[in-house]
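Subject: Handing over the structure

Dear colleague,

Please open it first and keep it beside you as you read.

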There are 2 protein chains.
Amino acid sequence: MPAVSEDLQARREELKSSSRWLHGHGRQTPAKLLERTATWCREHEVAFDVYGTGELIEAFEARVAELLGFEAARFMPSGTMAQPIALRVWAERAHNAHVGMHPTSHLELHEQRGYAHLHGLRSTPVGSAASPLLAEHFEAVKERLAALLIELPIREAGGQLPSWGELETLKQTIREAGTRLHLDGARLWECAAHYGRSYAEICAGFDSCYVSFYKGIGALPGAMLLGPRALIDEATVWQRRSGGNLFTLAPNVASAAMLLDERLARMPAYHQRALEIARVLSAIEGVSVLPDPPHTNMMHVFLALESEAAMTARDRVAETFGLWLLNAVRPADVPGHSRFELYVGEAAMQVGDRDLDAAFRALLAG
Amino acid sequence: MPAVSEDLQARREELKSSSRWLHGHGRQTPAKLLERTATWCREHEVAFDVYGTGELIEAFEARVAELLGFEAARFMPSGTMAQPIALRVWAERAHNAHVGMHPTSHLELHEQRGYAHLHGLRSTPVGSAASPLLAEHFEAVKERLAALLIELPIREAGGQLPSWGELETLKQTIREAGTRLHLDGARLWECAAHYGRSYAEICAGFDSCYVSFYKGIGALPGAMLLGPRALIDEATVWQRRSGGNLFTLAPNVASAAMLLDERLARMPAYHQRALEIARVLSAIEGVSVLPDPPHTNMMHVFLALESEAAMTARDRVAETFGLWLLNAVRPADVPGHSRFELYVGEAAMQVGDRDLDAAFRALLAG
C-alpha cells in the first residue's frame with residue numbers, strides 16, 4: 001500500500017471525527033467513559049481491588065462464571081495473556097506441549113506467537129482459513145494434541161459459526177479423544193442470537209473459555225478466563241508471571257460490570273440490524289457480504305474496488321453524506337476487490353436503510 | 001500467623017477506613033481518581049490510544065525518556081512484565097540466559113519467577129539481603145552474566161541506597177565487564193533528594209531502566225521501560241506476546257501524566273518529613289528504623305512487639321487517636337520483634353510530630 005501523506009492522514013482524521021460512524025458503538029472518549037465509570041463507582045461504593053482481591057472483582061468473576069456455566073473465573077488484562085495461559089496449563093497437565101487451533105486464530109496472527117516464544121507450546125493449524133473448524137478437521141490430529149482452541153465465531157472469516165449440530169459433534173469428538181477443548185470467546189457475546197441458546201448451553205462441553213469486555217461490550221480493556229477452579233488457580237500464578245496481576249484492575253472491572261448487562265440486552269437487536277444491513281448491501285452491485293446472511297452482528301463486506309480507491313471513495317462519502325462507512329480496508333483475493341469488517345453496534349442502529357443504500361451506491365460509484 | 005476471624009477482619013477494615021493514615025498518600029477511591037482523570041482527559045482533549053499508538057502515550061513516553069536521559073521508552077501495564085522482558089532481550093543479544101540480581105529483588109520474591117518460567121532465564125543472587133549490591137559482589141560472577149539488575153533504592157532493605165561513589169564504581173565495573181546493567185527503578189522517583197542529583201545523572205550508565213507510576217506517583221497501575229530504541233522496539237514485541245499491548249492504556253497513561261510533575265515536586269518534602277519521622281520514632285524505646293537516617297522517603301520500622309501484638313495495639317491506637325499507623329506487619333529476625341514498611345507521602349505530611357510520638361508510645365505500650 002502506498003504511504004499516505006500527512007496532509008491526507010490529517011484530513012481523514014478530521015472527516016472521521018466529524019462524521020457519524022457505521023461501525024461499532026460510535027465515537028468514545030476517555031473523558032466520557034471514565035466519567036460514567038467514576039459515577040458508577042461512586043454509586044456502588046467501589047473500593048480498589050488489591051492485586052485482584054476485592055469485592056467488585058470477585059463478585060464480577062462469580063457473576064460471569066455463573067452466566068457461562070463455569071466453576072471459576074479470573075479477570076485478566078487481555079485475551080492475549082489469558083489464552084496461551086489456559087493452553088499451557090492444559091499442556092502441562094498432559095505432559096504434551098502440542099496444541100491445535102484454526103489457521104486464522106488470534107494466537108497465530110496477532111500475538112507475535114507468544115504461545116510459542118513465551119510458553120514453549122507448538123501448534124498445528126487445524127481446519128481451513130475460510131470456514132469454521134469442524135470435527136472432521138480434528139480427526140487427523142486427534143491422537144497428538146493436548147488441547148484444541150476453537151473460536152466462536154471466527155472473526156477472520158466474517159464471524160461464521162458452525163451449525164449447532166456441527167458444534168455438538170465437535171464437542172463430542174474432542175471429549176472422546178480426551179483432548180482439552182478451549183473456547184476463544186472474544187466475540188462469544190455475539191453468538192447467542194443466532195443459536196437461540198443461552199451462553200451456558202453454548203459453553204457446555206468446553207473445558208475452559210475466554211471472553212472479552214472491550215469489544216462488543218465497549219468497556220475498558222479486560223478479559224476473563226473461565227474453567228474449573230484448579231485451572232483458574234494455576235492460571236492466576238501464570239497471570240502473575242506474565243505481569244498481568246496489576247496493583248488494581250478496578251477501572252477495567254467497573255466499566256465491564258457497568259456495561260455487561262446493558263450491552264448483552266442489545267445483542268439481539270444488533271443481530272437483527274446486521275441481517276437487515278446485509279440485505280441492503282448485497283442488493284447493491286459490486287457489494288457482497290460474508291457470511292450471507294450474517295451469523296452474528298458482524299460480517300465482512302466485499303467491494304468491487306481496489307483498496308486505495310475504496311478509501312478515497314469513503315472519504316468522499318463522508319464529505320457528502322456525513323457518514324463514515326469503514327476504517328481499515330484490505331485487498332481481497334480477487335484482483336480489483338477489497339474487504340472490510342463491519343461490527344454492527346449502537347452506531348449502525350442510528351443509520352437508516354435508505355441512507356445506507358445511498359452511501360454504499362455512492363461508494364461503489366468510486 | 002493464626003487466622004483472623006471475619007469479625008475482627010471487618011472491625012479492622014472499619015477502623016482503617018475511619019482513621020487518618022500514616023502510610024502513603026492516604027485513602028483513594030476509584031471514583032475520586034477516575035473523576036479527576038476524566039476531567040484531565042477532557043481538558044487535554046485526550047483520545048484513546050489504539051494498541052499503544054496515540055498522541056498522549058507517545059508524548060508521555062518521550063517526556064519520561066527525556067527526564068531520565070534514555071533514547072526511547074515504552075509504557076507497559078506493569079514492572080513485572082517490563083523487567084524480565086528487558087533482561088531477556090539483553091540475554092538474547094549476549095546468547096547467554098544467565099542474569100544476576102540482588103537476593104531480595106522483586107523478580108525473585110514477588111513475581112512467581114516469571115523470568116525463569118516464562119522467559120527461560122537463569123539467575124544468580126548477587127550481594128547480601130540486608131545491604132545494597134556493590135561492585136565487590138559483582139566481581140565473583142562478572143565473567144558469566146549477560147545482564148545485572150540493580151534496584152535503587154532496595155525496597156526490602158528499607159529503601160537503602162549505595163553511596164554515590166559506590167554507585168559510580170559499580171557502574172564502571174559493570175561497563176568494563178561488558179555486562180548489561182538494568183535499573184529497577186520501582187522507587188527511582190524517591191532517590192533524587194538523597195543524592196542531590198538529577199534523575200538523568202542517576203540513570204547515566206544504566207543500559208535500561210524501569211519506573212513505576214502507581215507507587216510514589218499514586219496514578220493507576222502503569223510502568224515504563226526505557227533504553228536504546230532497538231531495545232524498546234524488541235521489548236514492544238515481547239509486550240505483545242505477554243498480553244500487555246492492550247487495546248488502550250489511556251486511563252493509566254492519563255493518570256500518570258496528570259500526577260507525575262505534581263508528585264515529583266513533592267518528593268523533597270516527603271524526604272524531609274521522613275528524616276523528621278525517623279528522628280521521632282528512633283527516640284522511642286522499642287522502636288528503631290532502617291536505614292537511620294532514611295535514604296529516601298521510605299523506611300522499615302522495627303517494633304519490640306510480636307506481630308500479633310503489634311496489630312492489636314495498632315487497632316487500639318486507631319480507636320484512641322484516630323490514626324492508622326501501619327497495614328501489614330511481619331515478624332523480624334529477633335524474637336519478640338516485628339517490622340513494617342513506612343512510605344512517607346501526602347498522608348504523613350498531615351500528621352504532626354507530637355501526635356506521632358504519642359501514637360507510637362501508645363503502640364509500644366502494647
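What follows is a short account of what was found, taken topic by topic.

Please bear in mind from the start that this is a predicted model, so that everything below describes a computed structure.

The contact between the chains

The contact draws on 44 residues from chain A and 44 residues from chain B, and the area buried between the two chains is about 3,800 Å², with carbon and sulfur atoms giving 67% of that area. Two salt bridges are counted between chain A and chain B; E35(B) forms a salt bridge with R42(A), where the closest N and O atoms are 2.7 Å apart. Twelve residue pairs are in polar contact between chain A and chain B, both residues of each pair being at pLDDT 80 or more. On the side of chain A that touches chain B, the elements α2, α4 (79-94), α6 (114-117), α11 (229-241) and α12 (250-282) of chain A each supply at least two residues, and α2(A) gives the most, with ten residues.

What does T37(A) touch, if residues up to four places away in sequence are not counted? The residues that T37(A) touches are P251(A), A254(A), S255(A) and M258(A), together with L34(B). T37(A) has a relative accessible area of 0% and is therefore buried, and a polar atom of the T37(A) side chain lies 2.7 Å from the backbone oxygen of L33(A).

Salt bridges

Over all chains, the structure holds 40 salt bridges. In general, side chains of opposite charge can pair when their charged atoms come close. In chain A, E156(A) forms a salt bridge with R330(A), the closest N and O atoms being 3.6 Å apart. Because E156(A) lies in the loop between β5 (147-151) and α8 (164-177) of chain A, while R330(A) lies in strand β12 (residues 330-331) of chain A, the pair ties together parts that are 174 residues apart in sequence. R330(A) counts as partly exposed, since its relative accessible area is 38%.

Turning to chain B, E139(B) forms a salt bridge with K142(B), with the closest N and O atoms 3.1 Å apart. E139(B) is partly exposed at 38% relative accessibility, and K142(B) is also partly exposed, with a relative accessible area of 28%. A salt bridge also brings together the side chains of R314(B) and D315(B), at 3.1 Å from N to O, and here R314(B) and D315(B) are both buried. In chain A, salt bridges that share partners join R12(A), R314(A) and D315(A) into one network.

Strand β10 of chain A

Strand β10 (residues 298-303) of chain A is mostly covered, with six of its six residues buried. Which way do the residues of β10(A) point? M298(A), H300(A) and F302(A) point one way from the strand, whereas M299(A), V301(A) and L303(A) point the other way, and all are buried. Strand β9 (residues 287-290) of chain A is joined to β10(A) by four bridges, and these two strands run antiparallel; H300(A) in β10(A) is the bridge partner of L290(A). Six bridges join β10(A) to strand β13 (residues 338-343) of chain A, again in an antiparallel arrangement, and the bridge partner of F302(A) in β13(A) is R339(A).

Backbone details to look at

A cis peptide bond joins L152(B) and P153(B), with omega about -10°, and P153(B) lies in the loop between β5 (147-151) and α8 (164-177) of chain B. Another cis peptide bond joins L290(B) and P291(B), with omega about -10°, and P291(B) is found in the loop between β9 (287-290) and β10 (298-303) of chain B.

Positive phi values also occur in residues other than glycine: phi of E45(A) is near 50°, and H95(A) has a phi of about 50°. E45(A) sits in the loop between α2 and α3 (55-68) of chain A and is exposed, with a relative accessible area of 72%. H95(A) lies in the loop between α4 and β3 (98-101) of chain A and is exposed as well, with a relative accessible area of 77%.

With best wishes

Methods
Residues are numbered from 1 along each chain as its sequence is written. Chains are lettered from A and ligands numbered from 1 in the order in which they are written. This is a predicted model: local features need pLDDT of at least 70, side-chain atom pairs count only at pLDDT 80 or more; totals for chains, interfaces and linings use all residues. Side-chain values use heavy atoms; hydrogens and water are left out. Buried means under 20% relative accessible area, exposed over 50%, partly exposed in between (1.4 Å probe, protein chains only). A polar contact is a pair of N or O atoms within 3.5 Å; within protein, one must be able to donate a hydrogen and the other to accept it, and residues adjacent in sequence count only if both atoms are side-chain atoms. Contact means heavy atoms within 4.5 Å. A salt bridge is a side-chain nitrogen of Lys or Arg within 4 Å of a carboxyl oxygen of Asp or Glu. Buried area is the accessible area (1.4 Å probe) that two parts lose on being put together, summed over both. Two strands pair if DSSP finds at least two bridges between them.
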